[in-house]
Number of protein chains: 2
Amino acid sequence: MKLSGGVEWALHCCVVLSGVTVPVPAAKLAEFHDVSPTYLAKQLQSMSRAGLVRSVQGQAGGYVLTRSADSITVLDVVDAVDGGEPAFHCTEIRQRGPLATPVEKCVKPCAIARAMAAADRAWREALRASTIADLARDVNEDAGRDVMIGVRGWLGVPAGHPLPLHATR
Amino acid sequence: MKLSGGVEWALHCCVVLSGVTVPVPAAKLAEFHDVSPTYLAKQLQSMSRAGLVRSVQGQAGGYVLTRSADSITVLDVVDAVDGGEPAFHCTEIRQRGPLATPVEKCVKPCAIARAMAAADRAWREALRASTIADLARDVNEDAGRDVMIGVRGWLGVPAGHPLPLHATR
DNA sequence: TCAACTCGGATAACTCTTGTCCGGAATACT
DNA sequence: AGTATTCCGGACAAGAGTTATCCGAGTTGA
């Protein structure tokens with residue numbers, strides 16, 4: 001039972017992106033978090049494919065969230081980076097061996113698969129309950145201040161800038 | 001996010017073992033489920049180490065459940081075979097990079113780790129809710145009959161035999 | 001038009017899981 | 001007592017999946 005390590009990086013990136021509205025290059029995100037730039041690019045591409053972030057090419061390009069931070073759940077990010085497949089895959093052992101159950105009898109998943117699926121649902125439901133906006137709020141509460149101010153400053157985005165919001169497409 | 005494949009085998013074995021009270025050899029369990037005997041032995045050893053099953057050596061030896069089937073949860077088996085480590089491991093990204101949070105400020109887990117831990121708790125709680133006895137009951141309901149009768153027959157355990165229950169230690 | 005910068009997919013190195021094998025110790029039956 | 005059966009632990013090879021890297025395609029801004 002192990003989750004892809006890139007999930008942690010991707011979530012941190014989402015929190016950062018939730019605090020800005022201009023594209024942020026992958027290289028900057030990597031430097032900010034002190035992680036491998038090329039590998040982080042892979043995670044961002046996965047998120048782009050999943051439609052969570054939009055990639056803006058060219059000079060001054062980078063990644064932007066496609067929706068508001070409170071409409072992106074942690075589950076969305078986990079599914080995008082780690083793949084949405086359930087942790088348990090039933091190999092239909094009941095259909096094998098000397099006392100195999102005939103295929104026509106196997107109309108619904110076996111009891112073991114049902115138990116594992118229920119746990120998987122509980123896990124996903126818990127992840128769906130948290131949004132990127134929730135994480136950003138918690139980070140601020142933990143620090144006791146608005147950390148995004150410092151983030152914007154380091155990224156070179158003028159803090160008081162009202163941000164254009166021009167359609168990127 | 002992937003669970004060890006041996007978990008499925010181990011759970012099926014537990015259901016079978018819940019229907020008998022005499023030791024069942026690993027080779028028989030492997031043949032019954034049509035899986036690799038040597039690899040299944042590894043899973044059974046893990047369960048033995050975790051104290052879920054007791055191993056009886058020598059001729060007429062094998063594996064027996066150490067407790068009643070309704071006091072062994074699915075979580076117990078998953079932890080024994082897959083290892084009890086949580087799926088998400090926080091690498092403390094907040095302590096890295098140019099805007100790193102100082103160590104003395106990191107008194108509690110970061111917001112991302114908390115969200116993942118909550119999901120992990122939900123998952124484990126769901127697995128804890130199902131016992132081996134529940135699984136065996138569901139298997140019978142699915143089949144519409146007591147499958148353990150056939151299992152005991154194939155294993156060579158006389159169905160009506162009242163079983164000795166002599167102390168194995 | 002040109003140059004600089006960005007993402008995107010294909011490609012290699014690596015770790016971990018999966019799966020196998022063998023010698024040693026313990027137990028029951030002959 | 002001897003033999004056959006069984007579990008246990010470790011070492012070992014193969015395979016999949018993850019981690020990490022590079023270079024080309026496309027876009028922007030001047």
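How many residue pairs are in polar contact between chain B and chain A? The count is ten, taking pairs with both residues at pLDDT 80 or more; a polar contact is a pair of N or O atoms within 3.5 Å, where within protein one must be able to donate a hydrogen and the other to accept it, and residues adjacent in sequence count only if both atoms are side-chain atoms.

Welcome to this predicted model, in which local features need pLDDT of at least 70, side-chain atom pairs count only at pLDDT 80 or more, and totals for chains, interfaces and linings use all residues. Residues are numbered from 1 along each chain as its sequence is written, chains are lettered from A in the order in which they are written, and side-chain values use heavy atoms, without hydrogens and water.

Here is the interface at a glance.

| Feature of chain B with chain A | Value |
|---|---|
| Residues of chain B in contact (heavy atoms within 4.5 Å) | 52 residues |
| Residues of chain A in contact | 51 residues |
| Salt bridges (side-chain nitrogen of Lys or Arg within 4 Å of a carboxyl oxygen of Asp or Glu) | six salt bridges |

One salt bridge joins Lys108(A) to Asp142(B), with the closest N and O atoms 3.6 Å apart.

Now for a pair of helices (DSSP runs of H or I, at least four residues, numbered from the N terminus). Helix α5 (residues 111–128) of chain A packs with helix α6 (residues 132–143) of chain B at about 125°, their axes 9 Å apart.

Technical notes:
Axes are lines fitted to C-alpha atoms, for helices over the stretch in contact, and angles run from 0 to 180 degrees between N-to-C directions. Helices (H or I, at least four residues) and strands (E, at least two) are DSSP runs, numbered from the N terminus.
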